[in-house]
Amino acid sequence: MTDVRWDDVDRYASDLLVRPDETLAAALRAADAAGLPPISVSPPQGKFLMLLAQAIGACRILEIGTLAGYSAIWLARALPAGGRLVTLEVDAKHARVARENIGRAQLADIVDIHEGRAIETLERMVAAAVDAFDLIFIDADKPSYPLYLPLAVELSHPGTLIIADNVVRKGAIVDPDSSDERVHGVRRYNELVARHPRLDATLLQTVGVKGYDGFTLARVVK
Ligand code: SAH
Ligand code: DHB
Ligand code: MG
C-alpha cells in the first residue's frame, strides 16, 4: 500500500517549504551510519511539529522516544530563550547518537535526554511534581502508549497538546481482531483519549515518505 506520488509530494513539499538544513541531514546520516532504524519523522512532519509548538508558544516540551534526536531537534528549535525539551530514550546507543546530533545542532544546553524506560522516568517526574509541559510528543514503543497517556496528562496543564505518532499503521488500526500488539496499544490509546474527561482530540491520517500512518492530536481542556 504505497503510491509513488506520496514520495513525490513529500519531496515537493520539502523542496518548496522545508529549507535544506545541514544539521538535520547530518543527524539522519549519523543515525544511518550507527545502524539506527530509519523511523524518524519525515522532514515535513518535523516542521509540522515545530510549527505546532511555535503556534502554542510552547516553552516546555516532552518527547517520549528520542531515537537519533531528529524530531527533538525540530521541536527544540521551536523553543524561546529559556525553553526546555526533555526527551526519553531506553536504548543507550540511540541516546548516544542523539546526544551527538543534538550537540552538533547547538541544542545541548536546552535538551535533556533521560536514558531509561520511559514509564519509570515519567513516574519519577510526576512524583517530583516537575513543571507541566506545554506540548508532549509520544513516539516510543506502541504497546505502552496506553500507559503513557495518563502520565502525560498528569504532566500537563489546560492547553497542553499531546500528540501521538504512528496511530494508523497502514490502516490496521481499524481491525479490532489484529494480532499485532502495536495495533492493540494504539487502539487502546485512542479509546482512552476519546473518553478522557480532560481531553478533546482528533486523528489525522498521513501519507508520504513514511508510508501511510497518522497522528492523534489531543488538547488538555481542563
Ligand atoms: N521521535 C523520533 C523517533 C522515535 S523511534 C523521531 O521522530 O526522530 C522510537 C524510539 O523509542 C526508539 O529510539 C526506541 O528505542 C525508543 N523506545 C522504545 N521503547 C522505549 C521505552 N520503553 N522507553 C523509552 N524509549 C523507548
Ligand atoms: C516505527 C516506529 C515509529 O515511531 C515510526 O514513526 C515508524 C515505525 C516502528 O517501530 O516500526
Ligand atoms: Mg514514530
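## Exercises on helix packing and a magnesium site

In helix 7, Tyr-145, Pro-146 and Leu-149 meet Gly-185, Val-186, Arg-188, Tyr-189, Leu-192 and Val-193 of helix 8, where contact means heavy atoms within 4.5 Å. This is a predicted model, so local features need pLDDT of at least 70 and side-chain atom pairs count only at pLDDT 80 or more, while totals for chains, interfaces and linings use all residues. Residues are numbered from 1 along each chain as its sequence is written, chains are lettered from A and ligands numbered from 1 in the order in which they are written, and side-chain values use heavy atoms, leaving out hydrogens and water.

**Exercise 1.** Sort the contact of helix 7 with helix 8 by residue class, then work out how the two helices are oriented.

*Solution.* Start with the classes: the contact has seven nonpolar, one polar and one charged residues. Here Ala, Val, Leu, Ile, Met, Phe, Trp, Tyr, Cys and Pro count as nonpolar, Asp, Glu, Lys and Arg as charged, and the others, Gly among them, as polar. Next, the angle: helix 7 (residues 145-154) and helix 8 (residues 181-195) pack at about 30°, with their axes 8 Å apart. Helix 7 and helix 8 are therefore roughly parallel (angles under 35 degrees; over 145 is roughly antiparallel, 65 to 115 roughly perpendicular and the rest oblique).

**Exercise 2.** Describe how helix 2 packs against helix 5.

*Solution.* First, find the axes of helix 2 (residues 22-33) and helix 5 (residues 92-104): they come within 10 Å and cross at roughly 160°. Helix 2 and helix 5 are therefore roughly antiparallel. Now look at the residues: Thr-23, Ala-26, Ala-27, Ala-30 and Ala-31 in helix 2 meet Val-97, Asn-101 and Arg-104 in helix 5. By class, this contact of helix 2 with helix 5 has five nonpolar, two polar and one charged residues.

**Exercise 3.** Which residues coordinate the magnesium ion (ligand 3), and are Asp-165 and Asn-166 buried or exposed?

*Solution.* Begin with the donors, which are N, O and S atoms within 2.8 Å of the metal (3.2 Å for Na, K and Ca); water is not among the atoms, so sites may look incomplete. Asp-139 (OD), Asp-165 (OD) and Asn-166 (OD1) coordinate the magnesium ion at 2.0 to 2.1 Å. Then read their spacing in sequence, which is D-x25-D-N. Finally, Asp-165 and Asn-166 are both buried (under 20% relative accessible area; exposed is over 50% and partly exposed lies in between, with a 1.4 Å probe and protein chains only).

How values were computed. Axes are lines fitted to C-alpha atoms, for helices over the stretch in contact, and angles run from 0 to 180 degrees between N-to-C directions. Helices (H or I, at least four residues) and strands (E, at least two) are DSSP runs, numbered from the N terminus.
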